[in-house]
Amino acid sequence: MPPHRFIPLAAAALILGLAGCAGQRSVTVIKLAHTLDQSHPVHVAMAYFGERLAAKSGGTMRVELYSGGQLGSERECIELLQLGGLGMTKISSSALEGFAPEYRVFGLPYLFRDEAHRWAVLNGSVGREVLLSAESRFLRGLCYYDAGTRSFYTVNRRVEKPEDLAGLKIRIQESQLALKMVRALGAAATPIAFAELYTALQQGVVDGAENNPPSFHLSRHYELCKYYVLDEHTAVPDVLLISAHLWRTLTPQQQAWVQAAADESSVRQRELWTDATAASLAAVKKAGVEVIIPDKNLFRARVASMQAEVARDQPRIGALAQRVRETTP
Ligand code: GCU
């Protein structure tokens, strides 16, 4: 078992870091763990969150960032938040599907018409409701970060249309919706933690995966996968979460500072995202990856029935999806 997999109970208070001492003042230190690289725009936004929180609180609140899965996978971080062993995490909303069903709505393929529609939803009533939907399960969402759109990348098969995916083993997040989608496209889906994916690709455990350009680039998966087909099947956002155990120990003033700093970091992250995406695409091309622009309608047609199926089997998610479709920027 890797060392980060086990966090002794005695360390739990330290991880929540509720009170350290800086001179006479009590400083609240919040540990925030995630799986991305430090140069990723989402990490940069979280560093900004820490700066803003320190500034707003006059230095009485501080954020300690743990990147690259140091404290565990997304699932493990979510579980630690629920137990009160970790203060905050940043995960993909797909990773929350098993903990808070409302987040499933964002895993529906081709749900958003465009970026303006997506942000109208995330910053509107649906987005807010979903963020607060799991408070009773100790997971309070603070804000969304842009995770762009996800597309397939493969080690050695050039994919231009859904038929080209036939028989390939594709890594997915721990997401019921991703499983349905990949199967509908004719491939075999294998859930693997993000931090373990490089090795899985290298050893041929899977033939490909799917992600947004910055994550494809900064995880260095492009060193192994030479084809990236921009079918843009989903646009699952990233989510900044705080443990409700920690949230409830904060004063109303501290809660307001945390929320305001999160909101500011979300705005900053969206500003960084577009350039980061373009830079990542340029970098992977330069490294020899073929970036393919397919006819997205071919992919869309293969997964079109998923929205009706989910509405039939999970009416709550269907109702949320309906509200998403009715949202206008
Ligand atoms: C995105 C997302 C991560 C997630 C990763 C994944 O990169 O930002 O939070 O871990 O996808 O595919 O697991």
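Q: Which domains does the domain assignment give the protein?
A: Domain bounds come from an automatic or database domain assignment. Here the assignment gives domain 1 (3-147 + 237-277) and domain 2 (150-235 + 279-326). Taken over C-alpha atoms, their centres are 24 Å apart. This is a predicted model: local features need pLDDT of at least 70, side-chain atom pairs count only at pLDDT 80 or more, and totals for chains, interfaces and linings use all residues. Residues are numbered from 1 along each chain as its sequence is written.

Q: How many residues does the contact take from domain 1 and from domain 2?
A: Two residues are in contact if their C-beta atoms, placed from the backbone, lie within 7 Å. The contact takes 31 residues from domain 1 and 33 residues from domain 2.

Q: Which residues are around the ligand?
A: A residue is near a molecule if its C-beta atom, placed from the backbone, lies within 6 Å of it. Among those around the ligand are Thr 35, Glu 74, Phe 194 and Asp 238. Domain 1 and domain 2 each give at least three residues to this shell.

Q: What does the pLDDT of the protein average?
A: pLDDT is the predictor's confidence in each residue, from 0 to 100. The protein averages 93, and 93% of the residues score at least 70. Over residues 1-22 the pLDDT is below 50. In the model, that stretch has 33 contacts beyond near neighbours in sequence. Where pLDDT is low, the predicted coordinates should not be read in detail.
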